[in-house]
Protein chains: 2
Amino acid sequence: MSLSTAMFRTRLAHTARRQLPARRWYAAGVSGDVGKDAKAGQPLLPGIDALQLQVNKTASPKQLPAPGAPLLFGRTFTDHMLKIRWTEQAGWEAPQIEPYGTINLVPSAVVIHYAQSAFEGMKAYKRADGNVTMFRPDMNMKRLNNSAARLALPTFDGEQVIELLKQLIRLDKEWVPEAPGHSLYIRPTLIGTNGTLGVQPPTEALLFVICSPVGPYYPTGFKPVPLYGTTEYIRAAPGGTGAYKLAVNYAPGVVAQKAAASAGYQQNLWLHGPEHYITEVGTMNAFIVFHDADGGLELVTPPLDGMILPGVTRDSVLALARGHAAGARIEGMPVGKKVRVSERPVTMEEVSEASTSGRLVELFGTGTAAVITPVEKIGYQGSDVLIPTGPGGMGPISGPIWKHLTGIQNGLIEHEWNVVV
Amino acid sequence: MSLSTAMFRTRLAHTARRQLPARRWYAAGVSGDVGKDAKAGQPLLPGIDALQLQVNKTASPKQLPAPGAPLLFGRTFTDHMLKIRWTEQAGWEAPQIEPYGTINLVPSAVVIHYAQSAFEGMKAYKRADGNVTMFRPDMNMKRLNNSAARLALPTFDGEQVIELLKQLIRLDKEWVPEAPGHSLYIRPTLIGTNGTLGVQPPTEALLFVICSPVGPYYPTGFKPVPLYGTTEYIRAAPGGTGAYKLAVNYAPGVVAQKAAASAGYQQNLWLHGPEHYITEVGTMNAFIVFHDADGGLELVTPPLDGMILPGVTRDSVLALARGHAAGARIEGMPVGKKVRVSERPVTMEEVSEASTSGRLVELFGTGTAAVITPVEKIGYQGSDVLIPTGPGGMGPISGPIWKHLTGIQNGLIEHEWNVVV
């Protein structure tokens, strides 16, 4: 079984429940058995169990952001956080909801020295009916488990963590903003915490979750961004970690972002190999739309080849576009024209030629934070490759898909992707 | 100026000293000016100044390790640690020596989420005359500054930090072990600490130093290790961070180490590209010795091409071998034979063919923790490539160089590389 598909399968060992009846169980050695079932004869250790949750409410709630105040991304945090500790010897401990506060690490903690850290970005939305929903949390739990396995961090039962997220969000429900385009950004993070300075699988870990109310990523509306095609630095390479949401994928990209900004571009476009394959847009997945030879449109995104993050927004855009092509029509999407969806490599040469010939329709990034970000040009090898942009900044595919997707997220359109908190 | 050579040049701005006379200064915006001098007109901010050191001694010293007790790598830490905080607005604050204790981070700290962390591994040795010396600390300070610049972390005046290291080691001098092969391992670490969840240059940072008394890495003597040639995972790639000592280079390697161990090998050998170029041995630099066509020996290590860590031990081995070739004879090294030193790429095919033909003399890893690690075989594509090993585990080059190098480090051989604490 390959690492990218490997996930630990939680076992409910009913026979062992007599010893510790109230706990969920998993087989020990999971962090030593990436992609394999636990070996026979290994002891069972406690898994994450939402029923064991202990809640310690804050005695001094913070002031809620004033209605209408700008909520910049990732600067304001709610009153509480979730913490679940793990040790190699004793498995997952009882989950704790505590007042938001510092994480105290021994100075030799492996997360500090060797970056043993995986995380997720998720959102919860307050609907007009007052309900709060999370968007496709199962996808995030699956990916966090895959990320954990890539770093030999412990894996866990995602359903239990979703239940705990619900309880955390319920407790801090007044922090979920109501205004259009606002949401509660949720950041589950899993780190190695043991303090032995060796490059080894962590023997102690902490899964914690913090929440941040956020306003629209582009508060003044969609203004297509200029990108700089980065050829000096890489984000990922075959055999690396680009397909996982790991801390290690981010720090090295800051210099590329700075170089893009110095050259007058807002973000950078990650290109791979001598062919300059388009891989990702800053911290977002990349989508390109071409005119097809038969008069239709082709919506393209790079394939999940081990270098591309399997984004939840990426997956949602693909699903909606494929659904539209199959007849589940999305309002505003071209109807006379066939929309073909492809996961295939695209080079800068293809985009550049399509820009010149008129075959290029649009190019955009997708991600949880900004949902969809249209692009207006790419600085590439000394000149700018121009990207068509539609009225209001969005193109003929990204516009209707953005409207439909955010309609689902905000509860205007019913969809099974929404999970009520 | 390329990033790899970029270093911030500290300026002592004498004219500005009138305002804040006791502080050393540097030009603001350094983390935004990788490899460039500060722009004219930018305000000067305080640099690290050893004269500002504040010492808060522990009230409850820990028990020293019992003489003769085994000191496993990175598990025991001394009584004190050094901390120096930095902010974008105010530069470097006064250095603090404090009792060894936890580092308390906001849960959104960038080091946790985006791995903004660079570190060093250094050693101090207690000599027979009672003096304690550090080995080539200037090399570590230079590399830590290069690493910091790669991540847009703040840079600093390495000489000031060396002075602070001296004071820290003097305070904890009873922790420097005296037994042969023992030393004090020193871990300077620089992390981004601000709590804004954006992938940006850190606006707050902490440089801290912890120290750990360590015994010989191989307490039972040199036993050449079996390596597994890793082709499924990468350590580094062009445009990445392999040439810098960053946290991000370590977590992704744990699964490769686990795969090597599962296959019955002690460590893994990092191979690059379809040619399977030898790059590094686990967390060490790689050296290979071949018989030359003219009857001499060729000592080869991969070149500093952007993927190889510029190891201090690597540099020292090269310097000693080149010195020997130039006449500064190393005891035990072949004298009749010419020893040629090369920094050039080596493929597994070359090593495999040399193993079969008898041209291969030895292969070893170098690093601060273990100094020199001889290799006995490489598991590669289903079979083992055998490496000759000499009496006592070491080969004809590694043995004499190890003896000479550790002789310098232990003070038996006088050398300018030793810096008295």
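Which loop of chain A holds Ala152(A)? Ala152(A) lies in the loop between α2 (137-150) and α3 (158-171) of chain A. The legends below refer to a predicted model.

**View 1. Ala152 in chains A and B.** Ala152(A) is not a glycine, yet its phi is positive, at about 60°. Ala152(A) is buried, with a relative accessible area of 0%. In chain B, Ala152(B) is found in the loop between α2 and α3. The phi of Ala152(B) is near 60°, again a positive value in a residue other than glycine. A relative accessible area of 0% makes Ala152(B) buried.

**View 2. The crossing of helices α2 and α3 in chain B.** Helix α2 of chain B covers residues 137-150 and helix α3 of chain B covers residues 158-171; their axes come within 9 Å and cross at roughly 125°. At that angle α2(B) is oblique to α3(B). The crossing in which α2(B) passes α3(B) is right-handed. On the α2(B) side the contact is made by Pro137(B), Asp138(B), Met141(B) and Asn145(B), and on the α3(B) side by Gly158(B), Val161(B), Ile162(B) and Leu165(B). By class, the residues of this contact between α2(B) and α3(B) are five nonpolar, two polar and one charged.

View 3. An unreviewed UniProt entry places the feature "modified residue: N6-(pyridoxal phosphate)lysine" at Lys245(A). Lys245(A) is found in the loop between β13 (225-230) and α4 (254-262) of chain A. Its relative accessibility is 10%, so Lys245(A) counts as buried. Not counting residues up to four places away in sequence, Lys245(A) touches Ala118(A), Phe119(A), Glu120(A), Gly121(A), Arg143(A), Ser147(A), Tyr250(A) and Leu309(A).

**View 4. Leu299 in strand β17 of chain A.** Leu299(A) is found in strand β17, residues 297-301 of chain A. With 1% relative accessibility, Leu299(A) counts as buried. Ser342(A) is 43 residues from Leu299(A) along the chain, and the C-alpha atoms of the two are separated by 6.1 Å. Ser342(A) is also one of the contacts of Leu299(A) when neighbours within four places in sequence are left aside. The other contacts of Leu299(A) include Phe287(A), Ile288(A), Val289(A), Val317(A), Ala321(A), Arg340(A), Val341(A), Phe364(A) and Ile397(A).

**View 5. The packing of helices α5 and α7 in chain A.** Helix α5 (residues 312-325) and helix α7 (residues 398-409) of chain A pack with their axes 11 Å apart, at an angle of about 115°. This makes α5(A) roughly perpendicular to α7(A). α5(A) passes α7(A) in a crossing that is right-handed. From α5(A), Thr313(A), Ser316(A), Val317(A), Leu320(A) and Ala321(A) meet Ile401(A), His404(A), Leu405(A) and Ile408(A) of α7(A).

**View 6. Glu298 in strand β17 of chain B.** Glu298(B) lies in strand β17 (residues 297-301) of chain B. At 4% relative accessibility, Glu298(B) counts as buried. Beyond residues up to four places away in sequence, Glu298(B) touches Ile288(B), Val289(B), Phe290(B), Asp292(B), Arg340(B), Ser342(B) and Arg344(B). Glu174(B) is 124 residues from Glu298(B) in sequence, and the two are 43 Å apart in space, C-alpha to C-alpha.

Technical notes. Residues are numbered from 1 along each chain as its sequence is written. Chains are lettered from A and ligands numbered from 1 in the order in which they are written. This is a predicted model: local features need pLDDT of at least 70, side-chain atom pairs count only at pLDDT 80 or more; totals for chains, interfaces and linings use all residues. Side-chain values use heavy atoms; hydrogens and water are left out. Axes are lines fitted to C-alpha atoms, for helices over the stretch in contact, and angles run from 0 to 180 degrees between N-to-C directions. Helices (H or I, at least four residues) and strands (E, at least two) are DSSP runs, numbered from the N terminus. Angles under 35 degrees count as roughly parallel, over 145 as roughly antiparallel, 65 to 115 as roughly perpendicular and the rest as oblique. A crossing is left-handed if the near helix is turned anticlockwise from the far one by less than a right angle, and right-handed if clockwise. Contact means heavy atoms within 4.5 Å. Ala, Val, Leu, Ile, Met, Phe, Trp, Tyr, Cys and Pro count as nonpolar, Asp, Glu, Lys and Arg as charged, and the others, Gly among them, as polar. UniProt positions are given in the numbering used here, feature names are shortened, and annotations may be inferred rather than shown by experiment. Buried means under 20% relative accessible area, exposed over 50%, partly exposed in between (1.4 Å probe, protein chains only).
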